[in-house]
Amino acid sequence: MSHNPCGAQTHISRVSRAAVIGLHVNRTPPPPERSEYLKRSRLLVTFTAGGGGGGGSSPLTRGALERRLRSETMLPSNTTGSLVGAGVPLSVPFEGAGDYFIFIFQIVFATTTVLIAGPVVVTILATRALRLQNRFVFMLSTSICDTLVGFSVYYVGLFDVSEEYPSRNGTYNILPSLLGVNILTFLFAQFDRYLAVCHPYTYSRFVSRQLVVGVNVYCWFYNIAHLVVRNLLPPSKATQLYVSGIIFLQIIVVTKLVMTVKLYVVARVQVDREPPGADKESKKESLRILIFVVISFLVLWGPSFVNIIVRFGTGGGLKFRNDATNVFAIMARFNAVCTPAVYIWGSPALREALVRTVWGRVCPRVGAGEAAAPR
């Protein structure tokens, strides 16, 4: 049997064209993959014209063509581009010193939050004397929330995530709902302190520890229920619920401002009139902590809240690439560090229990130094 080189070359060309048609029939790539698609197309043209680009000594099968395409168009593993099956890209492209600073800052911020808020949670849970006081129940709820925020920064701060509606690679609104838990908890804590100081007899008779625990559980339940409903509703209905939630938050913010002013007046006038004693010092301490926490919360979270209102109301406002570069979102999350830090600073009882329960065991020298300090 005679060998026909022209026939072999024709066979290669037909096989290559068949593989090209089989791979690309009815396949239009999405815009984010356009550059990869063009590179694949140029390779296909080269394979078709040159019999596989390797001298054409053997027919180019479909399997060989697919393997070659995958190897030739493979991108580096640390890329932040959008590829099918590549997972969520990183938050920054690492093209300059600023990108490295943002990435390192997010790691430090998340770790700091967990190391400050987490020990507060452990201390209150492990100290019965603190758990029996209503104000520490509110501290426990917000500190749990802050600890979860710290852990979430390892995702929203290190990867390309945007929680602004509509979200991209988001957490199904879980992180924004944690902010809602803190807002409601602070509001109820303000009412709790107001009743405790201005109406002590009514407070001691009707406000029990079980009631306070139930109020904190309600704050979590309400936000979880709101979160589930938003994720189950159609997009149009979910948008309406989101807008109504913003309006509801405006009412809460105004109420918090009024209560903050009221508590400040109470702390300056009514508490100072009481006779000296442990009860007076406890009231002053709790009011001071709550006023500092609420003011810092409103100052840090206010810019993000205003920007959201402007974007929905006028279509303007500032837009950011993702949450890692969103200055307003970073300020809002910074509450997760400030709030437990204020708790530790303003409450000697919490500070002593923290050293004894957590840091004294992690670093015995700290616990020994605290025990030897004069009272």
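Analyst: This is a predicted model. In it, Asn 182 is buried.

User: Why is Asn 182 called buried?

Analyst: The relative accessible area of Asn 182 is 4%. Buried means under 20%, so Asn 182 is buried.

User: Where is Asn 182 placed, and which residues is Asn 182 in contact with, leaving aside neighbours within four places in sequence?

Analyst: Asn 182 lies in helix 7. With those neighbours set aside, Asn 182 is in contact with Thr 142, Cys 145, Asp 146 and Phe 297.

User: What makes helix 9 and helix 10 roughly antiparallel?

Analyst: Helix 9 (residues 209–232) and helix 10 (residues 235–273) pack at an angle of about 150 degrees, and their axes are 9 Å apart. Angles over 145 degrees count as roughly antiparallel, and helix 9 and helix 10 are therefore described that way.

User: Which residues of helix 9 and helix 10 meet?

Analyst: From helix 9, Tyr 222, His 226, Val 229 and Arg 230 meet Ala 238, Leu 241, Tyr 242 and Phe 248 of helix 10. By class, this contact has 6 nonpolar, 1 polar and 1 charged residues.

User: How many residues are in the largest nonpolar core, and which have the most contacts inside it?

Analyst: The largest nonpolar core has 47 residues, and Ile 124, Met 139, Leu 287, Trp 301, Tyr 343 and Leu 350 have the most contacts inside it. Helix 11 gives the most to this core, with 10 residues. A second, separate core has 8 residues, among them Val 161, Leu 178, Val 181 and Ala 336.

How values were computed: Residues numbered from 1 in each chain as written. Predicted model: local features only at pLDDT ≥ 70, side-chain atom pairs only at ≥ 80, totals over all residues. Heavy atoms only, no water. Axes fitted to C-alpha atoms, helices over the stretch in contact; angles between N-to-C directions. Helix = DSSP H or I, 4+ residues; strand = E, 2+ residues; numbered from the N terminus. Parallel < 35°, antiparallel > 145°, perpendicular 65-115°, else oblique. Contact = heavy atoms within 4.5 Å. Nonpolar A, V, L, I, M, F, W, Y, C, P; charged D, E, K, R; others polar. Core = buried A, V, L, I, M, F, W, Y, C linked by side-chain atoms within 4.5 Å. Buried < 20%, exposed > 50% of the residue type's maximum accessible area, 1.4 Å probe, protein only.
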